[in-house]
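Subject: Structure for you to look over

Dear colleague,

Here is the structure I promised to pass on, with the sequence alongside. My notes on what turned up follow below it.

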Protein chains: 2
Amino acid sequence: MLIQRLTIIGVGLIGGSFARALKRARVCAEIVGCGRQLDNLQEALRLGVVDHYTTDLATAVQDADVVVVAVPLGHIASVFATIRPILAPHTIITDVGSAKASVVADAYQELGEHICRFVPGHPIAGTEKSGVAASFASLFENRRVILTPLAETDPQATALITQLWQHTGAEVVSMSVEHHDEVLAATSHLPHVLAYSLVDTLAQMEDRREIFRFAAGGFRDFTRIASSDPKMWHDICLANRTAILHVLAHFNADLAELADAIEQGDSAHILSIFSRAKTARDKFSG
Amino acid sequence: MLIQRLTIIGVGLIGGSFARALKRARVCAEIVGCGRQLDNLQEALRLGVVDHYTTDLATAVQDADVVVVAVPLGHIASVFATIRPILAPHTIITDVGSAKASVVADAYQELGEHICRFVPGHPIAGTEKSGVAASFASLFENRRVILTPLAETDPQATALITQLWQHTGAEVVSMSVEHHDEVLAATSHLPHVLAYSLVDTLAQMEDRREIFRFAAGGFRDFTRIASSDPKMWHDICLANRTAILHVLAHFNADLAELADAIEQGDSAHILSIFSRAKTARDKFSG
């Protein structure tokens with residue numbers, strides 16, 4: 001066994017899938033689940049995702065070798081503040097938040113001397129579903145997990161969290177907090193903002209029934225991410241607002257240029273944008 | 001047999017799938033393929049999609065009971081002009097164009113007395129792939145096909161085209177040309193414009209390699225339509241530019257409002273937009 005006791009705070013899609021994957025790999029002797037919704041924790045136990053559960057944070061992190069904070073970004077600071085006095089001196093803390101600068105700021109603020117065993121992390125995986133019922137052991141297979149260790153982070157803590165993620169089948173990479181937030185704003189946060197915004201625009205149009213009735217597979221794929229948890233994405237938008245607004249400004253300028261080309265009937269310009277985009281899309285997804 | 005000879009001009013994803021579906025339903029005695037790319041037509045014959053082929057439009061439409069024009073929107077006018085003098089008095093003409101006002105204008109301009117046997121049509125189905133190799137018989141199953149018959153269109157012609165589409169497994173509905181173009185601008189054309197534009201924005205960023213490297217499943221789904229044929233979508237953007245720019249203006253205003261809420265940290269506003277969008281998305285796709 002790599003570790004004795006692992007505690008997951010927030011047993012949802014990501015926390016639950018991480019627990020399932022670690023159980024499958026038989027690297028933790030015991031997995032404790034913690035959260036605020038009793039019915040979700042009961043389901044986690046029934047599904048075999050965790051070995052025990054408690055709704056009490058202090059009980060949950062006692063004697064834990066590793067604590068995984070998998071709650072929405074807006075709750076991370078208060079979780080850190082609550083567990084700080086109970087954490088053992090050897091306990092390693094990690095998280096799975098989709099934006100890292102805000103989590104790191106929370107950690108500096110709330111974790112005190114435990115900052116040297118904090119390994120900020122973010123698995124680039126997920127679906128539009130939420131809750132432990134949607135979790136599955138293979139979610140992280142062949143996916144990337146980004147760790148953004150701090151100057152203070154003990155390399156041995158980073159090494160252990162790296163090993164845990166590798167046991168889920170993920171590839172672990174390391175980058176700076178700032179770079180993480182820029183890259184994710186572009187590839188994940190902005191697409192969610194656009195998908196939510198488009199669906200909301202159409203949902204408010206007069207002939208919305210007709211519109212959704214005639215939406216085909218392309219629209220379904222394009223807007224799937226707008227079925228994601230609104231609260232979670234609200235938190236992400238606020239936590240990473242600077243990077244998101246920055247890449248959105250780029251996008252708006254480019255979109256205005258394309259709209260202008262369409263209005264002017266500038267064939268060459270439209271074709272060059274569409275062709276460049278297709279080439280890039282085919283290259284990265286191929 | 002419902003009809004003797006059906007000619008498909010443009011044996012690509014849509015034309016090829018229509019031919020396959022009709023062959024499977026055994027409703028045409030003979031299907032003739034026509035196009036400009038000899039290799040594509042040879043492949044269509046080899047795959048059993050068509051019974052004969054020719055690159056000559058005049059030969060292709062001779063003695064045809066039904067002519068299906070499945071070429072990009074930008075080529076429809078010239079196809080109409082070329083086939084007009086050869087069309088038999090009983091030949092029914094239909095098309096599969098993604099925008100209808102431009103096709104109907106082309107038809108009034110070029111089809112002359114044959115306008116009364118022209119049934120404008122649009123199957124709401126497709127993938128991001130192109131060419132006859134990507135075609136398959138079940139593409140239209142449980143999909144909707146919109147017909148926008150004109151005041152001049154012979155009801156018997158509309159009835160026959162309706163029957164043909166029903167034999168592919170599609171549900172056929174009828175609406176006005178203008179309404180079709182508005183609905184499709186919202187659900188299909190604008191999403192393509194946004195997807196192309198976003199991928200192009202990211203492809204031009206300095207750290208594009210990192211960006212595409214860390215793109216996950218959500219991004220893949222969101223941008224799948226940016227792998228569609230650039231020429232085809234160029235034609236659609238020009239053919240339906242008024243309706244596209246109209247819905248884009250709506251979208252831009254709503255997106256600016258959302259960006260403002262993110263910048264101001266207006267939680268309630270962000271949450272209400274995301275929640276409304278999720279509700280609409282879940283409702284129509286559920």
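Within chain A, the domain assignment gives two parts, domain 1 covering 3–175 and domain 2 covering 179–285. Please keep in mind throughout that this is a predicted model.

The two domains of chain A

The centres of domain 1 and domain 2 of chain A, taken over C-alpha atoms, are separated by 30 Å, and their contact draws on 16 residues from domain 1 and 15 residues from domain 2. Together the two domains of chain A bury about 1,200 Å² between them, with 66% of that area on carbon and sulfur atoms. On the domain 1 side, A:Ser98, A:Glu128 and A:Met175 supply 42% of the area buried against domain 2, which is more than any other three residues contribute. Sorted by class, the side of domain 1 that touches domain 2 in chain A has 7 nonpolar, 7 polar and 2 charged residues. Across this interface between the domains of chain A, 0 salt bridges were found, while 5 residue pairs are in polar contact, both residues of each pair being at pLDDT 80 or more.

How chain A and chain B are related

The interface between the chains

In the contact between the chains, 82 residues of chain A meet 82 residues of chain B. Of the interface residues of chain A, 100% are also interface residues in chain B, so the copies meet through the same surface. Chain A and chain B bury about 7,600 Å² between them, 71% of it on carbon and sulfur atoms.

Several elements give two or more residues to the side of chain A that touches chain B, including strand S8 (144–147), strand S9 (171–174), helix H9 (217–223) and helix H12 (267–285) of chain A. The most comes from H7(A), which gives 18 residues to that side. By class, the side of chain A that touches chain B is made up of 45 nonpolar, 18 polar and 19 charged residues.

With best wishes

Conventions. Residues are numbered from 1 along each chain as its sequence is written. Chains are lettered from A and ligands numbered from 1 in the order in which they are written. This is a predicted model: local features need pLDDT of at least 70, side-chain atom pairs count only at pLDDT 80 or more; totals for chains, interfaces and linings use all residues. Side-chain values use heavy atoms; hydrogens and water are left out. Domain bounds come from an automatic or database domain assignment. Contact means heavy atoms within 4.5 Å. Buried area is the accessible area (1.4 Å probe) that two parts lose on being put together, summed over both. A salt bridge is a side-chain nitrogen of Lys or Arg within 4 Å of a carboxyl oxygen of Asp or Glu. A polar contact is a pair of N or O atoms within 3.5 Å; within protein, one must be able to donate a hydrogen and the other to accept it, and residues adjacent in sequence count only if both atoms are side-chain atoms. Ala, Val, Leu, Ile, Met, Phe, Trp, Tyr, Cys and Pro count as nonpolar, Asp, Glu, Lys and Arg as charged, and the others, Gly among them, as polar. Helices (H or I, at least four residues) and strands (E, at least two) are DSSP runs, numbered from the N terminus.
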